[in-house]
Amino acid sequence: VPVLVRRKPGARIAHMGCFVYGGAAHESLSHAGLTSLVARTSLKGTLTRSAAQCAEDAERLGGSLSVAVSKELTSWSISVPLSEATAAAVLLADVVERASFPDDAVAAERAQLLAELRSRRDDMLRHPLALARQALFGQHTYAIDALGTQETVAALDAGHVRAWHADVILGGDAVLAIVCDGEPSELAALVSG
């Protein structure tokens with residue numbers, strides 16, 4: 001896994017992330033929204049931490065974990081004081097590599113996604129853009145929002161989530177990145193470890 005390090009003199013905050021090639025465009029049309037569900041649910045517990053412990057550990061370090069899904073990438077990131085970079089790297093790795101995807105957490109995140117999709121139909125900007133995207137891209141996955149559709153998200157379950165995580169996230173191409181004021185070789189070793 002490539003590690004990108006950017007030394008930023010004077011920066012007392014370490015920004016680090018894991019970026020995986022595998023976003024919404026890699027889903028089948030029948031599974032649209034799966035990557036978003038995987039990313040969101042990954043924060044709901046790992047094999048060694050509960051969802052509350054993940055949030056508390058990030059907060060104790062002075063940061064918070066975040067996820068993002070685009071058409072081509074899925075990413076996890078955290079920003080913490082430089083003195084907490086090692087612990088943050090361990091937490092980030094735990095969430096990305098060892099997410100547990102409990103059935104109840106997948107169901108709760110699926111319900112949240114469905115609520116967001118319902119509210120988007122009333123959005124005077126996003127809804128027309130979604131219609132234009134569908135007209136432009138037709139049957140290609142670019143036609144569908146990264147959140148998926150009401151129908152596809154409703155059909156997803158924990159089995160789909162676990163399989164997608166194993167195949168696309170753990171089996172995909174990834175890049176680790178860190179930006180802060182530190183020795184690049186030490187930072188690269190920290191993140192790659």
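The legends below describe close-up views of one predicted model.

The model is predicted, so that local features are taken only at pLDDT of at least 70 and side-chain atom pairs only at pLDDT 80 or more, whereas totals for chains, interfaces and linings use all residues. Residues are numbered from 1 along each chain as its sequence is written, and side-chain values use heavy atoms, with hydrogens and water left out.

View 1. Five strands form an open sheet of mixed pairing in the order S1-S5-S2-S4-S3, where strands are DSSP runs (E, at least two residues) and helices are DSSP runs (H or I, at least four residues), both numbered from the N terminus. Two strands are taken to pair if DSSP finds at least two bridges between them. Strand S1 (3-7) and strand S3 (66-69) are the edge strands, each pairing on one side only. Neighbouring strands of this sheet are turned against each other by 15° on average, direction ignored; axes are lines fitted to C-alpha atoms, for helices over the stretch in contact, and angles run from 0 to 180 degrees between N-to-C directions.

View 2. S3 pairs with strand S4 (residues 73-81) in the antiparallel sense over four bridges, and a hairpin of three residues joins S3 to S4. Ala 68 has Ser 75 in S4 as its bridge partner, while Val 67 stands opposite Trp 76 in S4. Helix H1 (residues 34-42) packs on the sheet and touches S3 and S4, its direction making about 175° with that of S3; contact here means heavy atoms within 4.5 Å.

View 3. Eight of the nine residues of H1 are buried, so the helix is largely enclosed by the rest of the structure; buried means under 20% relative accessible area, exposed means over 50%, and partly exposed lies in between (1.4 Å probe, protein chains only). The buried residues are Leu 34, Thr 35, Ser 36, Leu 37, Val 38, Ala 39, Thr 41 and Ser 42, and they pack against S3, S4, H3, H4 and H7.

**View 4. Packing of H1 against H4.** Two packed helices are described by the angle between their axes and the distance between the axes. H1 and helix H4 (residues 103-120) pack at an angle of about 125°, with their axes 9 Å apart, and the two helices are therefore oblique to each other. Under the convention used, angles under 35 degrees count as roughly parallel, over 145 as roughly antiparallel, 65 to 115 as roughly perpendicular, and the rest as oblique. The crossing of H1 and H4 is right-handed, a crossing being right-handed if the near helix is turned clockwise from the far one by less than a right angle and left-handed if anticlockwise. On the H1 side the contact is made by Ser 36, Leu 37, Arg 40 and Thr 41, and the H4 residues include Ala 105, Val 106, Glu 109 and Leu 113.

**View 5. Packing of H1 against H7.** The axes of H1 and helix H7 (residues 158-169) come within 9 Å and cross at roughly 90°, and H1 and H7 are therefore roughly perpendicular to each other. Leu 34, Thr 35, Leu 37 and Val 38 in H1 meet His 160, Val 161, Trp 164, His 165 and Ile 169 in H7.

View 6. Val 80 lies in strand S4 and, at 0% relative accessibility, counts as buried. Leaving aside neighbours within four places in sequence, Val 80 is in contact with Arg 12, Ile 13, Ala 14, Leu 61, Gly 62, Gly 63, Ala 85 and Ala 88. Leu 43 is found in the loop between H1 and helix H2 (51-60), and, not counting residues up to four places away in sequence, Leu 43 touches Ala 51, Cys 54, Leu 65, Val 67, Trp 76 and Val 95.

**View 7. Phe 101 in the loop between H3 and H4.** Most residues other than glycine have a negative phi. Phe 101, in the loop between helix H3 (85-97) and H4, has a phi near 50°, a positive value in a residue other than glycine. Phe 101 is buried, with a relative accessible area of 2%.

**View 8. The aromatic pair of Phe 137 and Tyr 142.** A search of the whole structure finds one aromatic pair. Phe 137 and Tyr 142 form this pair edge-to-face, at 5.4 Å centre to centre and with 80° between the planes; rings of Phe, Tyr and Trp (its six-membered ring) pair if their centres lie within 6.5 Å, and planes under 30 degrees apart count as stacked, over 60 as edge-to-face and the rest as tilted. Phe 137 counts as partly exposed at 34% relative accessibility, and Tyr 142 counts as partly exposed at 28%.
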